[in-house]
Amino acid sequence: MKHKIEYTEESKSDLKKLNESQRKIVRKAIDKVAQNPLPKNEGGYGNPLGNKGGYNLTGLCKIKLLKLGIRVIYKVIRTDKIMKIIVIAARADDEVYDLAAKRTGEE
């Protein structure tokens, strides 16, 4: 069963910064992963994060859009079957992980 997709205010802003073709690709990828957003080690599509860029991002997953150089960081809220989008940003250095840490209070 597909999970409900929720965007944080910051991730909505991230999405608006992309051009229309990038937004379309990102939305399509998010929609696909929402079919089963659990981490890959649990049979889902998500790439679990763990420790990235010196931050403990355990419990978060990412979608890598290699051609665009964009990462989508999300959290699965299992009790409500929600895929909460936290960051949509370029992979540039570890910027996406810095943003994820700030937005989840893991700084």
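**Salt bridges of the predicted model**

Lysine 12 and glutamate 9 are both located in helix H1 (residues 9-17), where three residues, or about one turn of the helix, separate them. In this predicted model, the two side chains form a salt bridge in which the closest N and O atoms are 3.4 Å apart. Glutamate 9 counts as exposed, at 59% relative accessibility, whereas lysine 12 is partly exposed, with a relative accessible area of 38%.

A further residue of helix H1, aspartate 14, is paired with a partner in another helix: arginine 103 belongs to helix H3 (residues 95-104), so the pair ties together parts that are 89 residues apart in sequence. The closest N and O atoms of the salt bridge between aspartate 14 and arginine 103 are 2.7 Å apart. Aspartate 14 is buried, its relative accessible area being 7%, while arginine 103, with a relative accessible area of 26%, is partly exposed.

Another salt bridge joins lysine 4 to glutamate 6, with a separation of 3.8 Å between the closest N and O atoms. Because its relative accessibility is 51%, and exposed means over 50%, lysine 4 counts as exposed. Glutamate 6, by contrast, counts as partly exposed at 27% relative accessibility.

The pairs described here are among the six salt bridges that the structure holds.

Terms used. Residues are numbered from 1 along each chain as its sequence is written. This is a predicted model: local features need pLDDT of at least 70, side-chain atom pairs count only at pLDDT 80 or more; totals for chains, interfaces and linings use all residues. Side-chain values use heavy atoms; hydrogens and water are left out. A salt bridge is a side-chain nitrogen of Lys or Arg within 4 Å of a carboxyl oxygen of Asp or Glu. Buried means under 20% relative accessible area, exposed over 50%, partly exposed in between (1.4 Å probe, protein chains only). Helices (H or I, at least four residues) and strands (E, at least two) are DSSP runs, numbered from the N terminus.
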